[in-house]
Structures are given as structure tokens and as C-alpha cells.
Amino acid sequence: MVKWIAAVVGLSYRGIFGAVVGFFIGSIIDAIISKGKAYKYTGFNIDTEDRVSPGDFELNLLTLSSIVIKADGSVSQRELDYVRNYFVGAYGKDKANATFRTFNEVIKKRQIDEQRICTYLAARTSYEVRLQILHFLFGIALTDGNVSNSELHVLQRIAGYLRINSADFSSIKAMFVKSEDNAYKILEIDKNASVAEIKKAYRNMAKKYHPDKLQHMDEAYRKGAQEKFTKVQEAYEQLQKQRGF
């Protein structure tokens, strides 16, 4: 986090050159502070084996949010409000505002490399955390009532970089993009699946998305986990009615 503070201070005194120098010096200080120790963060349930600081995580998440917001060629106020409310709910107003300031003053002015960001997160966060990131990004895309093809393309690309498998991507997509076979897609099964296969799929998906697995997350993220779990339950109940079991 020191590197971002140093970058902002450098920017205020010496412009872009100062920001670069401050970021470099701050990175060295961060490395010294974090040497031999892992960061433990409760927001997205990052465990002690991960190597991503809270500040870096928040800025990377905000950067991915900006990519999704711009995906359809326009910046919606609803999308901006959705992201701001989410960050305030997760981190508190002061911390969220500090993250937005750093993003606007430093990150926003650079060329954003989504592959680098996703590769960085994929190597330092659990699979459950990355599923929650994707769920959050889909939520941004849906704020205007529709997930466009351009947004879907970006989301699928991000999911690939985050190493989220195609079945899980299709499952989360089905929670936001309606189709006739949504229930099957959410449960990650074929339309010809037997009743036994449906029941097994439900058990597996309920276990994957059960809120108890993410109990150390902040409230905003536990809510997202609960939403996924509810969608799985609804999909199963829908197939129960259709199949009569």
C-alpha cells in the first residue's frame, strides 16, 4: 500500500515523473515490510498462502470494474453507482474513497492490461474468490437491465485469464442472462440429465456456493455468495417441478 501512497504524493509534487519515482520507492518499502509474511485479508477471504495486499487487491478489482463499465462503449451512471456502493459496503466510505482517488490519480491514466491483472490475481487468490469476482463483474454489466454481447465477450475473456473453467463461467452467466435452459446451465448439467444426475449436480453446486465457505468475507461479499446459492436452489426447485420428483 505504501507504493500507492508514495505515488500519489509524488504525483502532487512532481507530476507523472514524481508518481513513477514514488511508486518505485514505495514498492521497495512494501517489499521490505512484507518480506517473509503473507497478507491476511477478510474482504475476499484471502488466506495466508496468498500474496496480495488489501490495497493491491482493491485497486485491481476496481480496474477490472472499469474495464467492464467501458465494454459496451458507454459509461453508465448506474454502473458507476453500483461499483461505488459495492466498495463502500465492503470497505467503508473512507477506505473506498481512498481507493477511488488512487485509481483516478494514478491507475486510470495508464494503459490497462487486463491479462496481467487477472494473472496476478489468479496466482494469489483462491478459486472461490475468483468466482465471486466474476459474479460481481456480471452484476455491474446487468445494472442497465441487459448484459450486452460486448460485455459478455469481455467477461468471458476476464474469466479465462482468472482461470475460471467454462462450466463455472456458464453457470454464473446463466444467473444473469436468461434462457430456456438456465436451470440446467446453473447446475452445470445437460438437458438430458437423469433425476439422479440432477440431484448430484445440486449437491455439488450447493456445496461449491454455500455461504458458509465464505463466512470470513465482509457483508457485501457474503451477500453475493448468498445470491449464487439462492440461484442454485431456485434452479433445482424449477427442475423438480418440471420433472416431478
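Gly 160 is partly exposed, with 46% relative accessible area, and this residue sits in helix α7. The model is a predicted one. The chain contains 11 helices and 0 strands, and 46% of its 245 residues are buried.

**Overall fold**

- Read along the sequence, the elements follow the pattern α-α-α-α-α-α-α-α-α-α-α.
- Among contacts with a separation of 6 or more, 68% are between residues 24 or more positions apart.
- The chain has an accessible surface of about 12,800 Å². Carbon and sulfur atoms account for 52% of that surface.

**Aromatic rings**

- The chain has 10 aromatic pairs.
- One of them joins Phe 87 and Phe 100, with 5.6 Å from centre to centre and 45 degrees between the planes, and this pair is tilted.
- Phe 87 belongs to helix α3 (residues 77-91) and Phe 100 to helix α4 (residues 93-105). The two residues are 13 residues apart, and their pair links distant parts of the chain.
- Both Phe 87 and Phe 100 are buried.
- Phe 138 and Phe 176 form a stacked pair, because their ring planes stand at 15 degrees, with the centres 5.4 Å apart. Planes under 30 degrees apart count as stacked.
- Phe 138 is buried, as is Phe 176.
- One aromatic cluster is formed by Tyr 82, Tyr 86, Phe 87, Tyr 91, Phe 100 and Phe 136.

**Contact between α3 and α6**

- The axes of α3 and α6 are 8 Å apart, and the two helices pack at an angle of about 145 degrees.
- On the α3 side, the contact is made by Glu 79, Tyr 82, Val 83, Tyr 86 and Phe 87.
- On the α6 side, the contact is made by Gln 132, Phe 136, Gly 139, Ile 140 and Ala 141.
- Sorted by class, the residues of this contact are 7 nonpolar, 2 polar and 1 charged.
- Tyr 82, Tyr 86 and Phe 87 of α3 and Phe 136 of α6 are in this contact, and these residues are also members of the aromatic cluster.

**Contact between α8 and α10**

- The axes of α8 and helix α10 (residues 195-209) come within 14 Å and cross at roughly 85 degrees.
- α8 is therefore roughly perpendicular to α10, a description that applies to angles of 65 to 115 degrees.
- Asp 168, Ser 171 and Ile 172 are the α8 residues that meet Met 205, Lys 208 and Tyr 209 of α10.
- The class count for this contact is 3 nonpolar, 1 polar and 2 charged residues.

**Residues with positive phi**

- Most residues other than glycine have a negative phi. Two residues with a positive value are described here.
- Arg 163 has a phi near 65 degrees, a positive value in a residue that is not glycine.
- Arg 163 lies in the loop between α7 (149-161) and α8. Its relative accessibility is 51%, so Arg 163 counts as exposed; the cut-off for exposed is over 50%.
- Glu 188 is not a glycine either, and its phi is positive at about 60 degrees.
- Glu 188 is placed in the loop between α9 and α10. With a relative accessible area of 28%, Glu 188 is partly exposed.

**Residues apart in sequence**

- Gly 160 of helix α7 and Thr 119 are 41 residues apart along the chain, and their C-alpha atoms are separated by 9.6 Å.
- Gln 226 is part of helix α11 (residues 219-243). Gln 226 is partly exposed, at 36% relative accessible area.
- The C-alpha atoms of Gln 226 and His 210 are separated by 7.3 Å, and these residues are 16 residues apart along the chain.

How values were computed:
Residues numbered from 1 in each chain as written. Predicted model: local features only at pLDDT ≥ 70, side-chain atom pairs only at ≥ 80, totals over all residues. Heavy atoms only, no water. Helix = DSSP H or I, 4+ residues; strand = E, 2+ residues; numbered from the N terminus. Buried < 20%, exposed > 50% of the residue type's maximum accessible area, 1.4 Å probe, protein only. Contact = heavy atoms within 4.5 Å. Areas by Shrake-Rupley, 256 points an atom, 1.4 Å probe, with all protein chains shown as cover. Phe/Tyr/Trp six-rings, centres within 6.5 Å; stacked < 30°, edge-to-face > 60°. Axes fitted to C-alpha atoms, helices over the stretch in contact; angles between N-to-C directions. Parallel < 35°, antiparallel > 145°, perpendicular 65-115°, else oblique. Nonpolar A, V, L, I, M, F, W, Y, C, P; charged D, E, K, R; others polar.
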